[in-house]
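This report describes the fold, the surface and selected residue pairings of one protein chain. The sequence and structure are shown first.

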Amino acid sequence: MDINIKAIHFDITEKLNSFINKKIDKLVRRNPAINTVEISLKVVKPETALNKQATVCVLVPQDKLVADKTADTFEEAIDLAIEALDKQLEKYKDK
């Protein structure tokens with residue numbers, strides 16, 4: 001299983017990196033069909049609130065699930081995206 005994290009126009013901290021890996025590990029434990037996880041983090045218009053955007057893309061056999069969330073912090077955006085992906089994976093399992 002591959003995890004690719006891209007930080008666009010900023011350097012990712014070790015704390016944020018470990019937070020993301022921990023969340024993805026939990027998601028993979030619940031859904032072993034996951035092959036690859038791609039995460040893209042970027043700051044949108046730095047002078048406004050809700051400017052941290054996280055896009056999480058999960059590749060499963062014959063499908064690609066994507067969640068794109070914006071929040072005040074990257075941690076919050078990742079939590080929201082993982083929650084949305086969890087719901088998508090439940091639907092995927094039911095197919």
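## Basis of the description

Helices (H or I, at least four residues) and strands (E, at least two) are taken as DSSP runs and numbered from the N terminus. The model is predicted: local features require pLDDT of at least 70 and side-chain atom pairs count only at pLDDT 80 or more, whereas totals for chains, interfaces and linings use all residues. Residues are numbered from 1 along each chain as its sequence is written, and side-chain values use heavy atoms, with hydrogens and water left out.

## Residue D2

D2 is placed in strand β1. With a relative accessibility of 47%, D2 counts as partly exposed; this class lies between buried (under 20% relative accessible area) and exposed (over 50%), using a 1.4 Å probe and protein chains only.

Beyond its neighbours within four places in sequence, D2 is in contact with N35, T36 and V37, contact meaning heavy atoms within 4.5 Å. K22 lies 20 residues from D2 along the chain, and the C-alpha atoms of D2 and K22 are 14 Å apart.

## Overall fold

The protein chain contains two helices and four strands, arranged along the sequence in the pattern β-α-β-β-β-α. Its radius of gyration is 13 Å, close to the 12 Å that the globule rule gives for 95 residues, so the chain is as compact as a globular protein of that length. The radius is taken over C-alpha atoms, and the rule is 2.2 Å times the number of residues to the power 0.38.

Along the principal axes, the C-alpha atoms fill a box of roughly 45 × 20 × 20 Å. Of the contacts between residues at least 6 apart in sequence, 46% join residues at least 24 apart. Buried residues account for 33% of the 95 residues.

## Aromatic pair

Rings of Phe, Tyr and Trp (its six-membered ring) pair if their centres lie within 6.5 Å; planes under 30 degrees apart count as stacked, over 60 as edge-to-face and the rest as tilted. By this rule there is one aromatic pair. The ring centres of F10 and F74 are 4.9 Å apart and their planes meet at 15 degrees, so the pair is stacked. F10 lies in the loop between β1 (2-8) and α1 (14-30) and F74 in helix α2 (residues 74-94), so the pair ties together parts that are 64 residues apart in sequence.

F10 counts as partly exposed at 22% relative accessibility, whereas F74 is buried, with a relative accessible area of 8%.
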